[in-house]
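This report covers helix packing, the ligand site and some backbone features of one model. The sequence and structure come first.

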Amino acid sequence: MEYEKIDWNEIWKKLMIAQQKLDKMGDKNEYWNKKENAELFWKRSQEHSKKTCDILMELPFTSNSRILDIGSGPGRLAIPLAKKVSHLTAVEPAKGMIEILKENIKKESIDNIKCINKRWEEVDVENDLDATYDIVIASFSLGMPDIKEAIKKMEQASSKYIYLYWFAGVTPWEKHSIALWPSLYGTNYIAGPKCDVLYNVLYNMGIYPDMHVFSMEYTNNFVSIDEAIDFYKKRFIIQTNEQERILYKYLKNILVQKNNQLVEYGHSKRVRISWAKD
Ligand SMILES: C[S@@+](CC[C@H](N)C(=O)[O-])C[C@H]1O[C@@H](n2cnc3c(N)ncnc32)[C@H](O)[C@@H]1O
């Protein structure tokens with residue numbers, strides 16, 4: 001057995017690039033650039049604030065800590081964290097997301113967040129950041145094809161802790177794409193790389209992190225099938241009547257009737273991968 005020769009970074013790269021290409025067909029890369037989608041993400045994250053509290057509770061920060069939040073989105077973690085620490089730098093490439101983040105910073109009169117509107121791959125640790133940081137966080141934001149390089153840079157930016165959050169198993173939204181892609185776009189959908197690949201990349205880098213698996217449930221509720229179609233049409237960038245017909249048929253199958261509403265139930269397994277630098 002020559003499993004030591006498996007290039008896990010290459011596996012991550014292939015799966016990530018394949019998924020990003022397929023998502024581009026549905027124009028999903030543009031998804032977080034649109035302010036309305038970022039706003040919806042923010043609203044929904046506020047409805048699940050218990051999950052955010054759980055994450056904040058497990059981070060080893062003090063009031064003097066300096067935090068780097070990579071792929072911060074609209075600030076689900078950054079906004080409450082900044083109130084508890086001395087400084088937070090948020091790296092976020094999507095226009096819609098960073099707009100909402102800046103609005104949230106203003107609304108909450110926060111003055112210790114620095115925003116950087118770049119992909120992590122484009123960030124120069126020495127020139128763009130005020131490194132080092134006590135804790136580097138990347139929460140469900142590892143859309144980085146060369147994950148090994150991305151992690152090296154996180155280690156460079158961190159003086160101690162790194163906390164990554166990612167997925168274990170195929171996510172509910174990937175299951176939708178797997179079911180829909182052949183009829184919407186005439187091709188199979190490839191799900192992105194998961195925590196098994198990530199763990200192996202880290203292991204090969206000589207990093208032996210703590211892993212903690214947890215469940216996350218969500219629901220999407222609609223008063224009518226038309227409202228549901230409007231919502232998913234944006235997700236899958238449905239353009240033709242034929243695509244809408246396919247979507248309608250699919251939604252009729254997966255949405256569950258409850259209390260006069262149509263509900264999508266999503267169950268996912270997530271993982272926290274964390275370590276302290278030697
Ligand atoms: C699902 S949101 C998560 C937001 C936030 N971290 C949270 O946990 O609520 C994913 C975010 O990661 C960002 N992202 C994706 N790829 C990235 C990259 N290569 N560098 C930096 N951020 C990235 C996206 O723009 C998006 O805002």
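Helices α8 and α11 are roughly antiparallel to each other, because angles over 145 degrees count as such, while those under 35 count as roughly parallel, 65 to 115 as roughly perpendicular and the rest as oblique. Their packing angle is about 150 degrees, with the axes 10 Å apart. The model is predicted: local features need pLDDT of at least 70 and side-chain atom pairs count only at pLDDT 80 or more, whereas totals for chains, interfaces and linings use all residues. Residues are numbered from 1 along each chain as its sequence is written, and side-chain values use heavy atoms, without hydrogens and water.

Helices (H or I, at least four residues) and strands (E, at least two) are DSSP runs numbered from the N terminus. Axes are lines fitted to C-alpha atoms, for helices over the stretch in contact, and angles run from 0 to 180 degrees between N-to-C directions.

The ligand is surrounded by 18 residues (a heavy atom within 4 Å). Gly71, Arg76, Glu92, Glu121 and Ser139 are the closest. By class, this shell holds eight nonpolar, six polar and four charged residues, with Ala, Val, Leu, Ile, Met, Phe, Trp, Tyr, Cys and Pro as nonpolar, Asp, Glu, Lys and Arg as charged, and the others, Gly among them, as polar.

Oxygen atoms of the ligand lie 2.7 Å from a polar side-chain atom of Arg76 and 2.7 Å from one of Glu92. A polar backbone atom of Gly143 is 3.2 Å from a ligand nitrogen atom. On its own the ligand has 600 Å² of accessible area (Shrake-Rupley, 1.4 Å probe), of which the protein covers 90%.

Most residues other than glycine have a negative phi, and most peptide bonds are trans. Ser109, in the loop between α5 and β3 (113–116), has a positive phi, near 50 degrees. The peptide bond from Ala131 to Thr132 is cis, with omega near 10 degrees. Thr132 sits in the loop between α6 (125–128) and β4 (133–139).

Technical notes. Polar contact = N/O pair within 3.5 Å; in protein donor to acceptor, adjacent residues only side chain to side chain.
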